[in-house]
Amino acid sequence: MVRRTVDLRSDTVTKPSEAMRGAMAGAEVDDDVLGSDPTARRLEEEMARMTGKEAALFVPSGTMGNLISVLVHCEVRGSEAILGDSSHIHVYENGGISTIGGVHAKTVKNNPDGTMDLALIRAAIRHPDEELYYPTTRLICLENTHANSGGRCLSAEYTDKVGAIAKEHGLKFHIDGARIFNASAALGVPVHRLVQAADSVSVCLSKGLGAPVGSVIAGSKSFISKAQEDPGRGMRQVGVLCAAALVGLRDHAGRLEEDHRRAKLFAEGLSQVKGLKIDVASVETNMIFFDIMEGLQMSPENLCEVLEEHGVLAMPASATSVRLVLHHQISESDVHYALASIKRIYSEKSWVFVSLEDAFDALTNLGWKRAWGREKGIDVFLELANRGGADDGAGHVRAVSGKAEG
């Protein structure tokens, strides 16, 4: 029975710390709809200060925060928002800006580092003379860090350039900063500087910061005033939740670099596993994406299923890749255990297109030499290949299953 669990599915899986539970139990609360919950006010004021904005507002989720922000900036139905084709708002938020807000998404290709080419952003802006035929561009959105690009960071300089384009064309500019604190830690740049050019930013409190619930949106006082009008946003004694977020800001924001260091350590280990492909240099924060190379008889779904048997929880990212996300409840020992589990799976479960010499070496590593000797070991390997694989005609065999019982 597996007694150890290493949960790498997301940084949203963390359990509230004892300090968070204590803060929640003792939180000073009042009716937030009436604007009098002191703990909520304290969190919102702190987040406004950290983002360099005039005001902030606690909301239940990042999806809701992004949706409210887009709708405030695009008040007229039929407006258009420019955003990345692999951005979280476009891919994972139920198409809410369209179905709820009547806002059309104009996608621009995301580069591997999460940016969009500035020239393509400019080209995506509709000309005012074409309003009779096309939606009206009113907003540009960025995501920092960019999750589908592997948690890559957008620099302040790049963000400034996008902000300048928005200002030049009279557009609003929103940043989905779900993991903006990770970007800040990785780049060594304060959060307020990374979002300085933006009219609004959303920040998730339940990812790297470890709170159990919630996000915050920040912007001008007029922006937040309009955001407060959103139906369903009022949550009465919400200070119970905000208290945990304040602990997260205090205890976890300053240690995110440790998650990044462990992610890099994990990535370097994965780069040494035959059959896996990973760009170690692209691991900038707490997210790791690796590919399973063609020919291996194990899909991302299969790998995640087998890993779960070892107590390691992960998520397929695509038909060929797996995503791992580190957080404050993953220790260095957990990293080594998960890495060892992956190595063990690949050493025992899958051999792919190996020569007979390599086949014998693999069998020797598993102790087959002692059982049968060199010739017998190769004979058994060939028998395995004949059951589930085939000779490729060039002295190589492909085995789709691993150990034989002897």
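Mentor: The largest cavity has a volume of about 80 Å³, a volume being the space filled by probe spheres set on grid points that are joined across faces, edges and corners. A cavity here is a set of points, on a 1 Å grid over the protein atoms alone, where a 1.4 Å probe fits but cannot get out, and its lining residues have an atom within 4 Å of a point. By that rule, two cavities of 30 Å³ or more turn up.

Keep in mind that this is a predicted model, where local features need pLDDT of at least 70, side-chain atom pairs count only at pLDDT 80 or more, and totals for chains, interfaces and linings use all residues. Residues are numbered from 1 along each chain as its sequence is written, and side-chain values use heavy atoms, with hydrogens and water left out.

So who lines the place? There are 13 lining residues, and G84, S87, C141, L142 and E143 lie nearest the centre. Strand 3 (79-84), helix 4 (88-91) and strand 5 each supply at least two residues of the lining, with the largest share, three residues, coming from strand 5. Helices (H or I, at least four residues) and strands (E, at least two) are DSSP runs, numbered from the N terminus.

Let's follow strand 5 (residues 136-143): five bridges join it to strand 6 (residues 172-176), and the two run parallel. C141 stands opposite H174 in strand 6. Two strands count as paired if DSSP finds at least two bridges between them.

Now step back to the sheet, an open one of seven strands in the order 2-8-7-6-5-3-4, with mixed pairing. Strand 2 (55-59) and strand 4 (104-108) stand at the edges with a single partner strand each, so one side of each is left without a neighbour in the sheet.

Leaving aside neighbours within four places in sequence, I140 is in contact (heavy atoms within 4.5 Å) with residues including I82, I121, V162 and F173. I140 is also among the residues with the most contacts inside the largest nonpolar core, which has 46 residues. Such a core is a set of buried Ala, Val, Leu, Ile, Met, Phe, Trp, Tyr and Cys residues joined through side-chain atoms within 4.5 Å, and buried means under 20% relative accessible area with a 1.4 Å probe, protein chains only. Helix 7 (residues 156-168) gives the most to this core, with five residues.

How values were computed
Buried < 20%, exposed > 50% of the residue type's maximum accessible area, 1.4 Å probe, protein only. 1 Å grid on protein atoms, 1.4 Å probe; cavity = no way out; pocket = protein on both sides within 12 Å on 5 of 7 lines; lining within 4 Å.
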